[in-house]
Amino acid sequence: MVPVTVVFTRESVPLDDQEKLPFTVVHEREIPLKYKMKIKCRFQKAYRRALDHEEEALSSGIVQGTGREAEAMLAEPQEQAEGSLTVYVISEHSSLLPQDMMSYIGPKRTAVVRGIMHREAFNIIGRRIVQIAQAMSLTEDVLAAALADHLPEDKWSSDKRRPLKSSLGYEITFSLLNPDPRSHDVHWDIEGAVRRYVQPFLNALSVAGNFSVDSQILYYAMLGVNPRFDPASSSYYLDMHSLPHVINPVESRLGSSAASLYPVLNFLLYVPELAHSPLYIQDKDGAPVATNAFHSPRWGGIMIYNVDSKAYNGSELPVRVEVDMVRVMEVFLAQLRLLFGIAQPHVPPKCLLSGPKSEGLMTWELDRLLWARSVENLATATTTLTSLAQLLGKISNIVIKDDVASEVYRAVAAVQKAAEELASGHLASAFVASQEAVTSSERAFFDPSLLHLLYFPDDQKFAIYIPLFLPMAVPILLSLVKIFLETRKSWKKPEKVD
Amino acid sequence: MAAAMPLALVVLLLLGPGGPALAEPPRDSLREELVITPLPSGDVAATFQFRTRWDSELQRKGDTDHYFLRYAVLPREVVCTENLTPWKKLLPCSSKAGLSVLLKADRLFHTSYHSQAVHIRPVCRNTRCTSISWELRQTLSVVFDAFITGQGKKDWSLFRMFSRTLTEPCPLASESRVYVDITNYSQDNETLEVNPPPTTTYQDVILGTRRTYAVYDLLDRAMINNSRNLNLQLKWKKPPENEAPLVPFLHAQRYVSGYGLQKGELSTLLYNTHPYRAFPVLLLDSVPWYLRLYVHTLTITSKGKENKPSYIHYQPAQDRLQPHLLEMLIQLPANSVTKVSIQFERALLKWTEYTPDPNHGFYVSPSVLSALVPSMVAAKPVDWEESPLFNTLFPVSDGSSYFVRLYTEPLLVNLPTPDFSMPYNVICLTCTVVAVCYGSFYNLLTRTFHIEEPSTGGLAKRLANLIRRARGVPPL
């Protein structure tokens, strides 16, 4: 459930409508997914009148107003809870928004919508608000992408770029690949760049997990593909179809899977060798890509940094190259957003989307991520527990210890709590509960003590007892048969006689 | 997979402060070295050393106490290509340039001795040690056998040893050198000839004796430009005299004695061959828990008399948790043999704790000897930057002694091994006995007897009559 607070200013709707404030409207929608699975999405709108300081802030917006200054003045004293939205309805002729824009979505869980003086004002405005709320929180594709692992392949998952699987933390590695140290002496100030650009972004995302960042420089690391020469622009290019083959030979030298609990995201910066400079990536139309970079879902991204040809004039090899970290970090942060699944929201028409904050992440984008993650976590936890139950049904030999049982109980309780919290709209506690559910269920499922007695097959027990009991049993059985036959004979005899 | 998205929406990062501050990044340096030592038996020993030094402060989360030593050993494991590959990955120019080009696994493991090591330690940057840098040293030593690798010929070259030659130096290395030990052969060029002739030589006191080395610097352009590659050749003009190699001042042996599978005795012999100097030796023994040591039988004798160690630390073993730890500081008198012996009893393990091949035996890890051995010739104090790497692995502050760490051989000890086929035997025997005895008793007890008419015919009787007729005996 998404709680939405709708605040009406003085001239936004007709007066008699304003008399009806405050009240609450609930708008529910069912999103069908697949195989009779549905997700119910509820938007609870609480309408109220604007308070005085809000009126002031909204009416004093600057004429060409992007609305940002007004919003800064609207700084609510209390922090909005995660997952909730606040929509301000202003008058139809207000100059806060540019003339042709009907609404505006701000970076901090607020939005501004033009009101209308009409009899059906609430209905019309209600629909607009629902559109905006959907853009800012949950839509079908977000949920489908989150559940992509648990749904069978179909049109939803195959061409959606899959975001990263939900995990407790991530390790981000920045690598500089220099295949030709004889020609290029490359230096990059990665520490400063991470501190200035990456760390604020990760701090904003810190609710979603623990992040750790490291970096390395690799020499003599070649890409697996030979670039082709394009005589028209006298440069080398990498075809879009050869891009999948680039990563594999480099992967073994990255050392990414060596020692980390969490999934690893690799960002590589490749400085092509002198013989293959400059190097561009071509998309399917044959035009060079603007940023000269590409990314692979669930793995990371690669950017090619061409050394300026002016640097070669007059100096002997190796040429000192100082990497422009701003250009590089722009690309890497954009790729990081894509890898996490923070994609462009589907905005309603005539809506102005504000620019993001300096960290690179708007607050409601984080909320969307948390909604998707909670749903994914719940699905994973339920799948794990169901598989464990099915396994126990099939193999009766497994011994479940007490602590494994308590983990299972804890997982079930966490799943229920997470579902309740999601239904009541408390996003933060729902996310925490869902993470706990996943951890407990995995701990119960992968416990090594489950395998202890697995290899004690039944035929070994037979092999031990049969040589002992069979020779003993045979004479007993034979004499039982004999007794039975004699008794039957003795029954027949008196009959015959009598 | 796709190309990157247009950045119109996300260009926001220019809010960072100003332009990039060009702080000089911390200096990392790499030095590499190869030392080739021809041995009088015709074999040749080669030692690689790579040193990477970082000047940046690596974060240390919480200061660990440096006085705690953690010692772990796997005596059964043999070093092979799986260990060489990740070791090579730590080198920046791995296998592509510089001295690491020579590290080919199929030649390096075709040797009579192979040893690899990785050392990481903090080093002080100046004499007052106000800042530290971290040093990673990788060493690899091999001894090529004249008969196995050399096929009987005693002429050596880089190509013969490693199947590669040196082509270019590593662009990241600040120093890249090859040293050839020509101590005994430098005066006359008639025993050993080194090709191409060295331009410089280096003399220093290494491990207590004065040695001379021929130096080839790969970073020197004249060295490689002439012939495009460097293939050092060692040719013996006269066959090397089979003189016995110089006995080192400290060496040790270890063995297990005794008979049967119940008791035994573990003995370590320490030899001090210095003619007039006695020096102390620190002996560290880690014996697994299934050899139960009797510490009251620990005896140390030198030259027939009892030798009391100046320091003993003993930590007894706990079954299945912790091995014995015995550490002693023993003073070795000059020109003597010291015997350290201790008796033990072999324990019987639980049947699930035996390895799949228990009759091979169980390994006992080697003991470690550390000593400051007095040197024949006084050495100058070591300068970190100028000295070659092989001199700075264990530097000492005063030149009158040098540090040595020796490992004795690992031992193979047989433990009383049960017969693992016994459960099967027991089942078979018991079942047979029960079946036969019980079955017969039961039959006897419950058999009912009928009177039977004698049968006139029958195959057996006819056969018997046939035989009687043949014998001439009246039929039945």
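**Ground rules.** In this predicted model I use local features only at pLDDT of at least 70 and side-chain atom pairs only at pLDDT 80 or more, while totals for chains, interfaces and linings use all residues. Residues are numbered from 1 along each chain as its sequence is written, chains are lettered from A and ligands numbered from 1 in the order written, and side-chain values use heavy atoms, without hydrogens and water.

**Domains.** I looked up the bounds for chain B, which come from an automatic or database domain assignment. Domain 1 covers 28–58 + 69–236, and domain 2 covers 250–374. I find their C-alpha centres 34 Å apart.

**Interface.** I see 4 residues of domain 1 of chain B in contact (heavy atoms within 4.5 Å) with 11 residues of domain 2 of chain B. The two domains bury about 600 Å² between them, 68% of it on carbon and sulfur atoms; buried area is the accessible area (1.4 Å probe) lost on putting two parts together, summed over both. On the domain 1 side, B:Tyr71, B:Pro75 and B:Arg76 lose the most area, together 83% of what that side buries.

**Salt bridge.** I count 1 salt bridge between the domains, taken as a side-chain nitrogen of Lys or Arg within 4 Å of a carboxyl oxygen of Asp or Glu. I also looked at the pair B:Asp357 and B:Arg76, which form a salt bridge with the closest N and O atoms 3.1 Å apart.

I find the stretch 100% helix and 0% strand, with end C-alpha atoms 31 Å apart. Helices are DSSP runs (H or I, at least four residues), as are strands (E, at least two).
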